[in-house]
Amino acid sequence: MNKRAFLKSFGLATASASFLGFDFKNNSAAAALFPKSIQKGDTVGIISPSAATADRMEFTYAQEAMEALGFKVKLGKNLTNRFGHLAGTDEERADDFNAMFADPEVKAVICIRGGSGASRILPLINYEQIKRNPKPLLGYSDITALHCAIQSQTGLISFHGPNGSGSWNSFNVKQFDQIFFKKELVTFKNEGGKGDELVLKANRIQTLKGGTAEGKILGGNLTVLTALSGTPYYPDFQDAILFIEDIGEDPYRIDRMMSTLQLNGTLAKIKGFIFGQCSDCKPGAGYGTLTVDQIMDQYVLPLGIPAYTGAMIGHIPRQFIVPVGARVKMDADAGSFTLVENVFQN
């Protein structure tokens with residue numbers, strides 16, 4: 001019986017399996033691995049490593065968006081599958097992921113959506129193959145599990161940004177062009193505009209602690225990130241800039257997850273902190289609650305590091321495409337961070 005079948009027989013296909021002889025790296029900082037660059041006319045692969053897509057038009061939207069960006073499109077063999085709430089079994093979703101990284105025709109991999117379930121396939125990913133064929137991977141939300149695993153196991157820079165079926169508005173398309181086609185050292189700073197308001201309200205940042213810091217930017221969805229704590233797939237945050245975002249979480253849950261980042265040593269390691277959008281993170285019914293602002297103050301201010309909140313990262317239509325694992329310089333007073341190196345192979 002092979003290792004995968006052995007895991008399956010015990011219902012452990014999604015568990016950490018280092019004790020069974022899998023060759024996991026530890027989560028010490030891996031040297032940066034830069035993806036190969038892409039250009040218009042290339043073929044990109046669309047996969048669904050997380051939750052199933054119920055609306056068939058979402059597949060059409062994703063394909064048409066990639067074609068409008070100038071790419072040819074290859075669909076994952078199991079893209080439209082369903083297994084419960086998942087887009088196919090663990091093996092099917094992992095097979096699509098591995099097939100896209102093995103396919104020399106495919107130059108980048110696009111996740112059609114997030115949801116839940118990507119962490120289940122982490123033990124089934126061929127990380128050595130990724131290192132041999134470094135390609136851009138794009139997606140966010142539950143795709144944080146893939147960003148973290150790929151970073152911890154290979155050092156490959158991946159991209160936390162719009163999913164294939166997400167919003168491809170003018171802001172997101174311009175950023176994509178700047179990063180992937182023009183290969184600019186982008187400064188990520190919130191767009192703003194008062195509109196009919198007397199003062200700026202939309203996309204307003206709050207500086208928790210001023211100053212600048214430089215380091216590898218790591219993070220993603222807070223719920224998914226903290227769920228990986230203690231596994232081989234959790235990145236090393238030593239001297240990193242941590243960015244997080246979330247959606248639909250009561251503040252007490254945000255508090256619990258920030259506590260995890262404190263208890264596992266992440267907060268003690270980082271040099272800078274960026275909190276994006278926490279969409280629909282309002283207190284529920286109950287006796288009382290801390291606010292998200294109070295939670296950030298309690299966990300972040302004692303660190304004494306540059307920190308700000310409100311970045312355009314998260315479950316919002318217009319969002320930054322963050323190169324996870326790239327070196328950036330952040331300015332907490334300005335509410336911005338800037339790439340300090342080319343994120344693609346020369």
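Guide: Start with Ser165. Ser165 lies in a loop, between strand S5 (158–160) and helix H6 (170–181). Keep in mind that this is a predicted model. Is Ser165 buried or exposed? Its relative accessible area is 18%. Buried means under 20%, so Ser165 counts as buried.

Now look at what surrounds Ser165. Leaving out residues up to four places away in sequence, Ser165 touches Glu58, Ala62, Ile112 and Arg113. The side chain of Ser165 reaches the backbone oxygen of Ile112 at 2.7 Å.

Next, follow the chain to helix H6, which spans residues 170–181. Phe176 is our stop there. Not counting residues up to four places away in sequence, Phe176 touches Ile38, Leu69, Phe71, Leu138, Trp168, Phe181 and Ile321. Phe176 also belongs to the largest nonpolar core, which has 98 residues. Phe176 is among the residues with the most contacts inside that core, and so are Phe273 and Ile274.

Leu242 sits in strand S9, residues 241–247. Leu242 is buried, with a relative accessible area of 0%. Beyond its neighbours within four places in sequence, Leu242 is in contact with several residues, including Phe273 and Ile274. Leu218, Gly219 and Leu225 are also among its contacts. Leu242 and Leu228 are 14 residues apart in sequence. In space they are 15 Å apart, C-alpha to C-alpha.

Notes
Residues numbered from 1 in each chain as written. Predicted model: local features only at pLDDT ≥ 70, side-chain atom pairs only at ≥ 80, totals over all residues. Heavy atoms only, no water. Helix = DSSP H or I, 4+ residues; strand = E, 2+ residues; numbered from the N terminus. Buried < 20%, exposed > 50% of the residue type's maximum accessible area, 1.4 Å probe, protein only. Contact = heavy atoms within 4.5 Å. Core = buried A, V, L, I, M, F, W, Y, C linked by side-chain atoms within 4.5 Å. Polar contact = N/O pair within 3.5 Å; in protein donor to acceptor, adjacent residues only side chain to side chain.
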